[in-house]
Amino acid sequence: MGQLLSGSRSCLDVPGRLLPHPPPPPPPVRRKLALLFAMLCIWLYMFLYSCASSCAAAPGLLLLGSGSRAAHAPPALASAPDGTPLRLPFQAAPATPLTAGKETAEGAASQEEQSPEAPDSPSPISSFFSGSGSKQLPQAIIIGVKKGGTRALLEFLRVHPDVRAVGAEPHFFDRSYHKGLAWYRDLMPRTLDGQITMEKTPSYFVTREAPARISAMSKDTKLIVVVRDPVTRAISDYTQTLSKRPDIPTFESLTFKNRTTGVIDTSWSAIQIGIYAKHLEHWLRHFPIGQMLFVSGERLISDPAGELGRVQDFLGLKRIITDKHFYFNKTKGFPCLKKAEGSSKPHCLGKTKGRTHPEIDREVVQRLRAFYRPFNLKFYQMTGHDFGWD
């Protein structure tokens with residue numbers, strides 16, 4: 001037995017025979033499937049990441065109609081970057097019924113500006129590509145005027161492949177300047193080389209600090225102002241407020257300080273905004289007139305392609321937006337896009353646009369036209385363009 005054990009090889013001498021053999025290499029098909037699965041996972045991760053980025057910081061992908069943005073945290077700083085102290089709340093004097101009505105009207109209008117209509121959702125493709133490029137401060141801003149046609153102009157411009165714009169109004173240079181340029185830049189959509197970043201906030205035109213603040217950001221910023229017959233604009237402004245607060249005083253009572261004497265109340269914002277020449281003077285202290293483009297709100301309705309041609313030339317863009325992009329909606333009374341950004345379907349501005357105006361006393365309208373006439377003539381001279389309101 002001992003010889004047999006010593007003469008023969010024991011299983012302990014060949015441990016390799018009892019160990020499992022290494023698995024055979026996977027066939028080429030398995031390797032290819034594994035590689036394909038890994039690539040799919042990476043692509044899905046990138047897709048979800050870009051979608052999250054675009055939803056959080058690029059409201060410019062919204063379709064026609066005003067965009068919406070969640071309320072930002074209250075400011076923590078006590079002064080603006082330019083050293084301007086922030087205004088603190090104060091105790092107002094008791095209001096008369098008429099002034100209370102005007103304050104109510106102003107509050108309702110401000111509320112609508114801060115709570116614009118909810119937009120449609122962006123297309124998945126637009127959301128995916130929004131993750132590319134980088135965020136830049138705007139090179140062009142639509143600075144005014146309220147109820148002039150700024151929303152229509154912005155949405156028409158967003159059809160252009162070289163224009164990227166924020167959907168909601170940032171209100172940086174009038175309400176949020178203390179938050180800083182980094183905060184402002186983060187609101188902008190991502191752009192590629194050759195694309196223009198834009199935003200629109202109509203209240204900039206009537207904000208005294210806005211010209212200096214925009215100039216401090218960049219003296220080369222191009223400014224666009226959409227203007228409209230100031231009488232029609234005032235009635236449209238009042239109509240918007242009336243839709244929110246039906247209990248406000250009549251347009252006629254808000255227009256005059258004293259209707260018997262016929263003195264116009266220029267402290268009412270609906271009237272004040274239409275004194276375009278007065279507001280333009282502040283802008284010309286910081287920007288040359290050649291750096292500003294004045295778009296006719298009336299022509300934006302009657303000839304949208306013509307006005308968009310002027311805007312594209314002003315921005316240095318190729319004339320891509322033409323007549324073929326528009327059709328006239330008889331129900332709403334203004335042009336709509338045949339194909340909106342990120343969509344293959346026709347789209348008009350939202351339900352808050354094109355409201356029916358209330359009937360206004362003819363005598364009040366005539367008095368307003370007489371009031372605005374000298375300001376309009378001065379505005380024509382300053383801009384070198386007769387808008388034909390008189």
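1. The link between C336 and C348 is right-handed, with 105° about the S-S bond. The two residues are joined by a disulfide with an S to S distance of 1.7 Å, where a disulfide is a pair of cysteine sulfur atoms within 2.5 Å. A search of the whole structure finds one disulfide. In general terms, a disulfide is a covalent bond between the sulfur atoms of two cysteines.

2. The model is predicted; local features need pLDDT of at least 70, side-chain atom pairs count only at pLDDT 80 or more, and totals for chains, interfaces and linings use all residues. Residues are numbered from 1 along each chain as its sequence is written, and side-chain values use heavy atoms, with hydrogens and water left out.

3. Buried means under 20% relative accessible area, exposed means over 50%, and partly exposed lies in between (1.4 Å probe, protein chains only). C336 has 1% relative accessibility and therefore counts as buried. C348, at 12% relative accessibility, also counts as buried.

4. The chain as a whole contains 15 helices and eleven strands. Helices (H or I, at least four residues) and strands (E, at least two) are DSSP runs, numbered from the N terminus. Of the 390 residues in the chain, 45% are buried. Among contacts in the chain with a separation of 6 or more, 74% are between residues 24 or more positions apart; contact means heavy atoms within 4.5 Å.

5. H325 is found in the loop between α14 (304–314) and β10 (326–329), and its 16% relative accessibility makes it count as buried. Leaving aside neighbours within four places in sequence, H325 is in contact with C336, and also with V159, I320, L337 and K338.

6. The buried residues are T150, R151, A152, L153, L154, E155, F156 and L157.

7. K146 lies in the loop between β2 (140–144) and α6. At 10% relative accessibility, K146 counts as buried. The side chain of K146 makes a polar contact with the side chain of D237, at 3.2 Å. A polar contact is a pair of N or O atoms within 3.5 Å; within protein, one must be able to donate a hydrogen and the other to accept it, and residues adjacent in sequence count only if both atoms are side-chain atoms.

8. What is the angle at which helix α9 and helix α15 pack? The angle between α9 (residues 230–244) and α15 (residues 362–383) is about 125°, and their axes are 9 Å apart. Axes are lines fitted to C-alpha atoms, for helices over the stretch in contact, and angles run from 0 to 180 degrees between N-to-C directions. The two helices, α9 and α15, are therefore oblique to each other; angles under 35 degrees count as roughly parallel, over 145 as roughly antiparallel, 65 to 115 as roughly perpendicular and the rest as oblique. On the α9 side, P230, V231 and T232 meet V365, L368, R369, Y372 and N376 of α15. The residues of this contact divide into five nonpolar, two polar and one charged. Here Ala, Val, Leu, Ile, Met, Phe, Trp, Tyr, Cys and Pro count as nonpolar, Asp, Glu, Lys and Arg as charged, and the others, Gly among them, as polar.

9. Helix α15 also packs with helix α12 (residues 276–284), at an angle of about 35° and with the axes 8 Å apart. In this contact, Y276, A277, L280, E281 and L284 of α12 meet F375, K378, F379, M382 and T383 of α15. By class, there are seven nonpolar, one polar and two charged residues.

10. F375, in helix α15, has 29% relative accessibility and so counts as partly exposed. Its C-alpha atom is separated by 6.0 Å from that of A277, 98 residues apart along the chain. Leaving aside neighbours within four places in sequence, F375 is in contact with I275 and A277.

11. E252 belongs to helix α10 (residues 251–255) and is buried, with a relative accessible area of 12%. The side chain of E252 reaches the backbone nitrogen of D361 at 2.9 Å.
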